[in-house]
Amino acid sequence: MSRQDDDRDAHSSGHPGQQLGLPASGPGALAPWGRRILALFIDWGIASLISLTWFNYDPWVTLGLFVLMQVALVGLLGVSIGKRLARIQVVRLRDSAPATIPGPHIALLRTVLLLAVIPVALISPDGRGLHDRITGTVQVIM
């Protein structure tokens with residue numbers, strides 16, 4: 001067995017996020033999918049409630065509100081309302097630097113990919129959806 005096979009076995013038997021250098025549990029660990037989905041539903045629910053209340057539940061307004069919340073809040077703070085309630089944060093990974101807030105331009109790209117659905121469903125061995133891999137982000141426990 002080669003060294004590469006040993007490394008592959010170590011990664012496949014490790015915890016989610018191990019390949020990214022994240023801890024197995026606690027703050028900074030990869031957020032579980034249940035929390036991620038809960039946050040998504042909360043954010044969509046907030047956008048839907050605002051749209052229902054003031055815009056006769058126009059689907060384009062709902063979508064626009066959702067995108068605006070994701071880009072502004074995740075881009076500038078690293079969390080949306082749903083993510084804050086689910087106690088997760090989006091951070092951008094850097095090779096040798098500490099994780100940072102994504103920024104609005106990365107949050108916009110991430111949101112567009114999220115709305116395309118397919119990238120979210122393509123989960124890599126490191127536990128991230130393709131939308132997070134493309135943008136260099138990861139969702140971690142706060």
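Predicted model: local features only at pLDDT ≥ 70, side-chain atom pairs only at ≥ 80, totals over all residues.
## Overall make-up

The protein has 142 residues, and 36% of them count as buried. It contains seven helices and two strands, arranged along the sequence as α-α-α-α-β-α-α-α-β.

The accessible surface is about 8,200 Å², with 66% of that belonging to carbon and sulfur atoms. Of the contacts between residues at least 6 apart in sequence, 58% join residues at least 24 apart.

## Helix 3

Helix 3 covers residues 59–77. Its 19 residues, at 1.5 Å each, should span 27 Å, and the C-alpha atoms at its ends are 26 Å apart, so the two values agree. At the start of the helix, a side-chain oxygen of D58 comes to within 2.7 Å of the backbone nitrogen of W60. After the helix comes G78, which has a positive phi near 85°.

The buried residues of helix 3 are T62, L65, F66, M69, Q70, V71, V74 and G75. An α-helix has 3.6 residues a turn, so residues three or four places apart point the same way. The cover over the buried residues of helix 3 includes helix 2, helix 4 (81–85), strand 1 (88–92) and helix 5 (104–115).

## R36

R36 is part of helix 2, which runs over residues 33–55. R36 is buried but has no salt bridge. The nearest side chain of opposite charge is that of D132, at 4.7 Å, whereas a salt bridge requires the charged atoms to lie within 4 Å.

The R36 side chain does reach the backbone oxygen of G127, at 3.2 Å. Leaving aside residues up to four places away in sequence, R36 touches L30, A31, I88, G127, R128 and Q139.

How values were computed
Residues numbered from 1 in each chain as written. Heavy atoms only, no water. Helix = DSSP H or I, 4+ residues; strand = E, 2+ residues; numbered from the N terminus. Buried < 20%, exposed > 50% of the residue type's maximum accessible area, 1.4 Å probe, protein only. Lys, Arg positive; Asp, Glu negative; His and termini not counted. Polar contact = N/O pair within 3.5 Å; in protein donor to acceptor, adjacent residues only side chain to side chain. Contact = heavy atoms within 4.5 Å. Areas by Shrake-Rupley, 256 points an atom, 1.4 Å probe, with all protein chains shown as cover. Expected span 1.5 Å × (residues − 1).
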